[in-house]
Amino acid sequence: MAVNEKDIDSILEAYPAKVKRNRKKHIVIKDSSLAHQEIEANTRTIPGIITNRGCAYAGCKGVVLGPIKDIVHITHGPVGCGYYSWLTRRNKAKTLEDGKNYLAYCVTTDMQETDIVFGGEKKLAKVIDEVVEIFKPNGVTVSATCPIGLIGDDINAIAKAAQEKHGIPVMAFSCEGYKGVSQSAGHHIANNGVLEWMVGKGEMTEAPAKYSINMLGEYNIGGDSWEIERFLKEIGYHIIAVATGDGSYENLKNTHVADLNLVQCHRSINYIAEMLEIKYGTPWLKVNFIGVEATVKSLRDMAIYFGDPELIQKTEDVIAREVARVEPILNQYKKICEGKTAFCFVGGSRGHHYQKLFADLGIDTVLAGYEFAHRDDYEGRQVIPDIKPDADSKNIPELHVESDKKLFKLKISPEKAEELKKKIPLSNYEGMNAEMKDGYLIVDDLNHFETERFVELLKPDIFASGIKDKFIPQKMGIPSKQIHSYDYSGPYAGFNGAVKFAEDVTAMFTTPTWNFMTPPWKYKPMLEGTVEEEGN
Amino acid sequence: MKRDKANYRNVNENPCNMCMPMGGILPFKGVEQSMVILHGSQGCATYMRRHIAEHFNEPIDVASSALNEKGTVYGGEKNRKQGLDNLIKLYSPGIIGILTTCLAETIGEDIGRITSDYRNEHELHRLPIITVPTPGYGGSHTEGYWLAAKQIVSGLARQTPRHSKINIIVPHISPADIREIKRILDRMDIDFTLFPDFSDTLDRPFSKTYKKIPNGGTRIADIAAMPGAAATVQIGITIDDDLSPGRFLEREFGVPLYNVPIPTGLENMDLFMNVLTEITGSCMPLSLEQERGRLLDCMIDSHKYNFEGRSVIFGEPELVYAVAKTCMENGIFPVVAATGSKNAKLAELLTAEIDKYERQVVLLMDSDFDQIRQNSTSAGANIAIGHSDGRYLTEREGIPLVRLGFPIHDRVGGQRVLSVGYLGTTMLLDRVTNTLLENKYKNYRSSMYEQFYHNGHENNISGKILLSGTEG
Ligand code: SF4
Ligand code: SF4
């Protein structure tokens, strides 16, 4: 199955020379004999190439802020941006007794031409007033779309005034779509705001229970985080906040007291994780709850961090029971899936995480990549010092944090941390590339043209990506699984999720539909009969 | 007749419309070998592709000039040119549409000039490039659709000697609807140019060889020859003259224009047939007459269920009009008719229809779903007809939804929903009636008990319950 440079060149040949040179740097054939393989990432999208990337607004409001359920998220701009980010990520959230769950709402200032000409500040102020009156939320966010920065609306000032007027947090995010090169810029902007305006605002000064943790970068798509919480709670963890799936301001404001932060999606949330460590002394652990093996490893790493024999024992008990329960089921599905190949191209971390779940089923990921990741998501965090900031990344304000005088509390000693780092990914992420097999492809910012050509070249059995590109392989007769929204299925995380995924994927392979691609008259005569000769 | 003109609040809570460039993409998808590039930041293109793809279940290739912060300061010309270079190299399109977005318009990009410079530099005299200014704040997707359609026609149309074809211009209906209209025209032996024809491009049959630009779409040469047609039948009675491709052909080339409503509903379809027979001299084929008879039969079969229906209808103006009329013919009287667009004509046209029946209907222009919901509950609506975002009415108020229009993103088959012609109307009406029936059966026992025994006997005898809606 291995690919060589020639194959890639023959595909890139179709591009204009400059584009070809550019794209080549975003494609790597894994070769473990080399000391290090660099990949270009988080650079500008090539105009006219049909990318799957979105904008900073999508990363900020759509990904990070959107799932916070007790806050009303106002999109300040013309109607489109708000409309298109309405519930499209399928984050799930339970409504609690207070009834404050506004996930199903799309609220926008719906700016008209006159607002663009004369400014939208007044309208925004009125909309905030109305929203507070209608919903009585625990907070309000305002996310700016492209025109806002250009016409110079001072959303921070409006938010500040509204906050004073209403006595609830009103937070402004300047996440205009043209900032940065993709959603990634928006994650960063949102992370800064969450840390500045939500974290640390709660009353708690110390962890309310033993083994208190936060789960960062988990968005509860299709109910993922509920499945993860199920076994974490059983083992004995106390979850303070999830950022941000089924999350709430009420919980996020106490994030600072946890003993450990788990990082699921590294790309979208690593800024908060890092800042929480500096400001409150809480280290983070890279986990992956996608796939049985990955889940088991993550649980063991967590137990090692706390080092409590009782917790370790309980962890092992739960693992043993869960694995014994799901393995026989998965083995049934594996019989069908084994030996097949997949493409796995998703946004930030799933391009890596889902390889583990495919591997559980005996499916090899022959091409993987991220839509909007940075080099560290591919090559590991050790390359961060080598990443040169460019004009686009410099546009995103870095939040400068210091240790909080009152609330900073070193959760483990520096010596202990060093010792742990040898065993577990504490405050570290190794990246996707390390786990790819030799000869397999890593492609950053895969586009429609390349999708078609790589599918032709490698003929995967399943294509895991999103709604925009899934129909290309599907039209070529290859089943496509949406890993962004799960095609209205899920959960896919944890033990139960692995079973659900296996069931869904196997059903896609075994549906009788694929048998009818070629009409019968193409391969066999429809009517069989003998011609009786006359006169016999 | 009550009419709420504009929404009374500043906030738009759960919008009922999308932005202008989104609608502008669709007519381009109905031209053969065409590609679209959005001039602005990439996010808009990505969002729109995702929404269109989800409805049609098709890959939607729409490029973007991917402007970034630098572009907003120094202008986006470089990105646009580079974008066009790449698009042409990879896709070899036969025509390119350039739509602007909020960003490009706010920074004041002169796309007309950039485009003509580009053409001259590249000596691309034969590749049509059509530009459409579609700032998101300039209107809803409906206006974007019509403006793009008009720009395509005005950009391609050439003085042409009279020929025997007629022009059929269609609004944003489903690929299945377009196919049905073509079938009807074929049955009548009419020679026509239908534009924009996205019946194949946005609903392509499975074939294992993938084509980046799908087959199908109105031929560019046919659009160019539209000025020579005997007449234009434009399915678009709610559109402004400024946005009307048919009006353009009439004014510039003297092609007589017949504006008709979407042929959904018996009367609307009769009108469509009348216009066609009158202009072309073709007669109504027997098979279509039989389809009409079957529709009537369907209406009669269902009338005893339909009169209990109190409908709320929402979506694009053209669709709202046609569906409202269909509902009225069948006694499923609309209590709320709403659109997210600002459309004065729709209000006028609907008012005239409603007045015939002396009914109370709340008309909501420039509306959002919160307003629609509030009015629906207070008017006692029991069936909703419109696109998927109306599911909110079901979730919040238990009003069942018949999915029609765009987008249908929480069910499959939006591209296959057929609701035009006698046949399509029959299919739509059955869906509506069956939804009413299903809902009735669901609550049958409890509501019967309530009605006859719990509230005392007099109530039902007086007939108040069933007829209370008609007084409202
Ligand atoms: S409203 Fe404007 S900025 Fe938003 S998606 Fe539409 S064109 Fe883009
Ligand atoms: S790129 Fe700008 S205008 Fe477009 S969706 Fe993003 S924020 Fe809205």
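This is a predicted model: local features need pLDDT of at least 70, side-chain atom pairs count only at pLDDT 80 or more; totals for chains, interfaces and linings use all residues.
**View 1. Helix H1 of chain A and its buried side.** Helix H1(A) spans residues 5-12, and its buried residues are Ile8(A), Ile11(A) and Leu12(A). These residues lie on the same side of H1(A), because they cover an arc of only 95° around the axis. An α-helix has 3.6 residues a turn, so residues three or four places apart point the same way. Among the elements that cover the buried residues of H1(A) are helix H2 (17-24) and helix H19 (448-458) of chain A, together with strand S1 (27-29) and strand S12 (441-443) of that chain. At the N-terminal end, H1(A) is capped by Asn4(A), a side-chain oxygen of which lies 3.1 Å from the backbone nitrogen of Lys6(A).

**View 2. The surroundings of ligand 1.** Chain A contributes Pro78(A), Gly80(A), Cys81(A) and Tyr84(A) to the residues around ligand 1, while chain B contributes Cys19(B), Pro21(B), Cys44(B), Met48(B), Thr101(B), Cys102(B) and Gly136(B). Because residues from chains A and B surround ligand 1, the site is shared between chains. Helix H4 (79-84) of chain A and helix H2 (42-56) of chain B each supply at least two residues of this shell, and the largest share, three residues, comes from H4(A). Sorted by class, the shell around ligand 1 holds eight nonpolar and three polar residues, with no charged residues.

**View 3. The surroundings of ligand 2.** Around ligand 2, the residues from chain A are Cys55(A), Tyr57(A), Cys81(A), Thr145(A), Cys146(A) and Gly177(A), and those from chain B are Ser41(B), Gly43(B), Cys44(B) and Tyr47(B). This site, too, is shared between chains, since residues from chains A and B surround ligand 2. For ligand 2 the largest share of the shell, three residues, comes from H2(B). The shell around ligand 2 comprises six nonpolar and four polar residues, and no charged residues are found in it. Cys81(A) and Cys44(B) are listed among the residues around ligand 2, and Cys81(A) and Cys44(B) also belong to the residues that surround ligand 1.

**View 4. Strand S11 of chain B and its pairing with S12(B).** Along strand S11(B), residues 311-314, the side chains of Ser311(B) and Ile313(B) point one way and those of Val312(B) and Phe314(B) the other way, and all of these residues are buried. S11(B) pairs in the parallel sense with strand S12(B), residues 334-338, over four bridges. Within this pairing, Pro334(B) of S12(B) stands opposite Ser311(B).

Technical notes:
Residues are numbered from 1 along each chain as its sequence is written. Chains are lettered from A and ligands numbered from 1 in the order in which they are written. Side-chain values use heavy atoms; hydrogens and water are left out. Buried means under 20% relative accessible area, exposed over 50%, partly exposed in between (1.4 Å probe, protein chains only). The arc is that of the directions from the helix axis to the C-beta atoms. Contact means heavy atoms within 4.5 Å. A polar contact is a pair of N or O atoms within 3.5 Å; within protein, one must be able to donate a hydrogen and the other to accept it, and residues adjacent in sequence count only if both atoms are side-chain atoms. A residue is near a molecule or strand if one of its heavy atoms lies within 4 Å of it. Ala, Val, Leu, Ile, Met, Phe, Trp, Tyr, Cys and Pro count as nonpolar, Asp, Glu, Lys and Arg as charged, and the others, Gly among them, as polar. Two strands pair if DSSP finds at least two bridges between them.
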